[in-house]
Amino acid sequence: MPQPSHITKLKTADLDALEDDLQTYFAKCEEKLGMIPNVLKSYALRPEKLRCFAKMYSELMLGESGLSKLEREMVAVTVSAANRCYYCLVAHGQAVRALSEDPQLGEMIVMNYRIADLPPHQRAMLDFAWKLTLTPDQISDRDRATLSEQGLSDEDVFDLCDVVGFFNYTNRVAHGVDMMPNPE
């Protein structure tokens with residue numbers, strides 16, 4: 001059974017009527033990805049928020065960090081699994097599969113990251129992401145110390161928290177507007 005055909009349950013913007021900078025951004029998406037991700041089409045309803053979203057996403061997920069791109073995607077999937085965010089599980093699960101070149105890793109993290117055979121530092125990162133998502137008030141010095149013991153710097157821990165926070169935010173937006181991933 002195919003997923004619902006809507007992008008969101010809200011109206012979507014006329015993409016052709018967007019300002020030139022966003023037209024250029026969408027053209028780059030088409031060129032690099034072969035599509036415009038539905039999350040961007042969703043945010044186009046509020047163009048300034050789309051600009052902010054795109055800038056933040058690029059900095060968090062593609063910018064310099066002690067966390068690899070794969071690790072950041074793994075965190076995105078772990079947070080999205082805790083939140084049961086269909087959009088992000090599909091989109092970022094695919095990114096994990098592509099970056100790791102391991103289709104099973106993506107599926108394991110989508111279903112239960114604990115079954116994946118991960119290096120200890122990645123396990124610690126995903127344990128922290130899960131806890132920060134579901135019980136943020138229970139994060140303690142011991143949790144941060146565990147990350148440090150696994151070789152994460154203070155900057156890495158900050159980046160980890162930033163990625164966790166961002167995906168908790170975007171998961172809630174995706175749930176709230178009933179965002180669907182691109183079928184492709």
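This is a predicted model: local features need pLDDT of at least 70, side-chain atom pairs count only at pLDDT 80 or more; totals for chains, interfaces and linings use all residues.
**Overall form**

The secondary structure of the chain consists of nine helices and zero strands, so that, read from the N terminus on, the elements run α-α-α-α-α-α-α-α-α. A compact globule of 184 residues would have a radius of gyration near 16 Å, and because the chain has 17 Å, its value agrees with that expectation. Along its principal axes, the C-alpha trace spans about 50 × 35 × 30 Å.

Of the 184 residues in the chain, 42% are buried. The accessible surface comes to about 10,300 Å², and carbon and sulfur atoms account for 54% of this area. As for charge, the chain carries 19 positive and 28 negative side chains, and the centres of these two sets lie 6 Å apart.

In soluble globular proteins, nonpolar side chains tend to be buried together. In this chain, the largest nonpolar core has 48 residues, of which Leu40, Val75, Ile109, Leu147, Leu160 and Phe167 touch the most other members. At least two residues of this core are supplied by each of helix H1 (20–33), helix H2 (38–43), helix H3 (47–62), helix H4 (69–83), helix H5 (86–100), H6, H7 and helix H9 (154–177). The largest share, eight residues, comes from H9.

Which residues does Ile109 touch, not counting residues up to four places away in sequence? The residues that Ile109 touches are Met74, Val77, Thr78, Ala81, Val96 and Leu126.

**Residues in the loops**

Ile115 is found in the loop between helix H6 (103–112) and helix H7 (120–134), and because its relative accessibility is 54%, Ile115 counts as exposed. Ile115 and Leu105 are 10 residues apart along the chain, and their C-alpha atoms are separated by 9.4 Å.

Leu45 lies in the loop between H2 and H3, and with a relative accessible area of 30% this residue is partly exposed. Leaving aside neighbours within four places in sequence, Leu45 is in contact with Lys11 and Ala13. The C-alpha atoms of Leu45 and Asp20, which are 25 residues apart along the chain, are separated by 15 Å.

Two further loop residues deserve a look for their backbone angles. Most residues other than glycine have a negative phi. Arg84, however, has a phi near 55°, a positive value in a residue other than glycine, and Glu101 likewise has a positive phi of about 55° although it is not a glycine. Arg84 sits in the loop between H4 and H5, while Glu101 sits in the loop between H5 and H6. Are these residues buried or exposed? Arg84 counts as exposed because its relative accessibility is 68%, and Glu101 counts as exposed because its relative accessibility is 70%.

| Residue | Relative accessibility | Class |
|---|---|---|
| Ile115 | 54% | exposed |
| Arg84 | 68% | exposed |
| Glu101 | 70% | exposed |
| Leu45 | 30% | partly exposed |

Definitions and conventions
Residues are numbered from 1 along each chain as its sequence is written. Side-chain values use heavy atoms; hydrogens and water are left out. Helices (H or I, at least four residues) and strands (E, at least two) are DSSP runs, numbered from the N terminus. The radius of gyration is taken over C-alpha atoms; the globule rule is 2.2 Å times the number of residues to the power 0.38. Buried means under 20% relative accessible area, exposed over 50%, partly exposed in between (1.4 Å probe, protein chains only). Accessible areas come from the Shrake-Rupley method with a 1.4 Å probe; for residues, only the protein chains shown count as cover. Lys and Arg count as positive and Asp and Glu as negative; His and the chain ends are not counted. The place of a charge is taken as NZ of Lys, CZ of Arg, CG of Asp or CD of Glu. A nonpolar core is a set of buried Ala, Val, Leu, Ile, Met, Phe, Trp, Tyr and Cys residues joined through side-chain atoms within 4.5 Å. Contact means heavy atoms within 4.5 Å.
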